[in-house]
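Biologist: Please put the model up, and then I will ask about it piece by piece.

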Amino acid sequence: MKYIHEPTDLQCGQAVLAMVLDKTVDEIVRYLGNDRETTLREMKQTFRAFGVGMSDTRIQVYDKKDLPELCLLSLETPRCWHWSLFCDGTFYDPEHGIMNDFPESDRRYYWKLSKK
């Protein structure tokens, strides 16, 4: 996974999509027609349009050992709800960088991703 930092505070979703789909944030922004917050619907539609499966079920998680190999994370951080990514034991957070554990967050959910 190639890490991509979010260009603005509102583009964590675009950065996650870009990392998984091996695109640039600008390409994702153009595809979505959106350079601000992304919705769950936009995330699902974009992953699926580019051949990445995304589970329909949101699962609450407390410990990284319970995460699947590749998943989209939704985290309630001190500032806002935030999209992040987990891949092969590592967190690729568009705001905080590459990490060994979750960014600071109160509630954490994931959707399993699968490349076809």
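Biologist: In which loop is Asp22 found?

Modeller: This is a predicted model, in which local features need pLDDT of at least 70 and side-chain atom pairs count only at pLDDT 80 or more, while totals for chains, interfaces and linings use all residues. Residues are numbered from 1 along each chain as its sequence is written, and side-chain values use heavy atoms, with hydrogens and water left out. Helices (H or I, at least four residues) and strands (E, at least two) are DSSP runs numbered from the N terminus. On that numbering, Asp22 sits in the loop between helix 1 and helix 2.

Biologist: Is Asp22 buried or exposed?

Modeller: Buried means under 20% relative accessible area, exposed over 50%, and partly exposed in between, with a 1.4 Å probe and protein chains only. Asp22 has 66% relative accessibility, so Asp22 counts as exposed.

Biologist: Which loop holds Asp88, another residue with a positive phi?

Modeller: Phi of Asp88 is near 50°, again in a residue other than glycine. Asp88 is exposed, because its relative accessible area is 54%. Its place is the loop between strand 4 and strand 5 (90-93).

Biologist: What separates the C-alpha atoms of Lys2 and Asp22?

Modeller: Lys2 belongs to the segment before helix 1 and, at 64% relative accessibility, counts as exposed. Lys2 and Asp22 are 20 residues apart along the chain, and their C-alpha atoms are separated by 7.9 Å.

Biologist: And what separates the C-alpha atoms of Asp22 and Asp101?

Modeller: Along the chain, these two are 79 residues apart. Their C-alpha atoms are separated by 23 Å.

Biologist: How many residues of helix 1 are buried?

Modeller: Helix 1 is mostly covered. Its buried residues include Cys12, Gly13, Gln14 and Met19.

Biologist: At what angle do the axes of helix 1 and helix 2 cross?

Modeller: Axes are lines fitted to C-alpha atoms, for helices over the stretch in contact, and angles run from 0 to 180 degrees between N-to-C directions. Angles under 35 degrees count as roughly parallel, over 145 as roughly antiparallel, 65 to 115 as roughly perpendicular and the rest as oblique. Helix 1 and helix 2 are therefore roughly perpendicular to each other. Their axes come within 8 Å and cross at roughly 110°.

Biologist: Which residues of helix 2 meet helix 1?

Modeller: Contact means heavy atoms within 4.5 Å. From helix 1 come Gln14, Ala15, Leu17, Ala18 and Leu21. They meet Val25, Ile28, Val29 and Leu32 in helix 2.

Biologist: What is the angle between helix 1 and helix 3?

Modeller: The axes of helix 1 and helix 3 are 11 Å apart, and the packing angle is about 15°. That makes helix 1 roughly parallel to helix 3, so the term asked for by the angle is roughly parallel. The value is about 15°.

Biologist: Which residues of helix 3 take part in that contact?

Modeller: Helix 1 contributes Gly13, Val16, Leu17, Val20 and Leu21. On the side of helix 3 are Met43, Thr46 and Phe47.

Biologist: Which residues does Thr77 touch?

Modeller: Thr77 lies in the loop between strand 3 and strand 4. At 8% relative accessibility, Thr77 counts as buried. Not counting residues up to four places away in sequence, Thr77 touches His82, Glu104 and Ser105.
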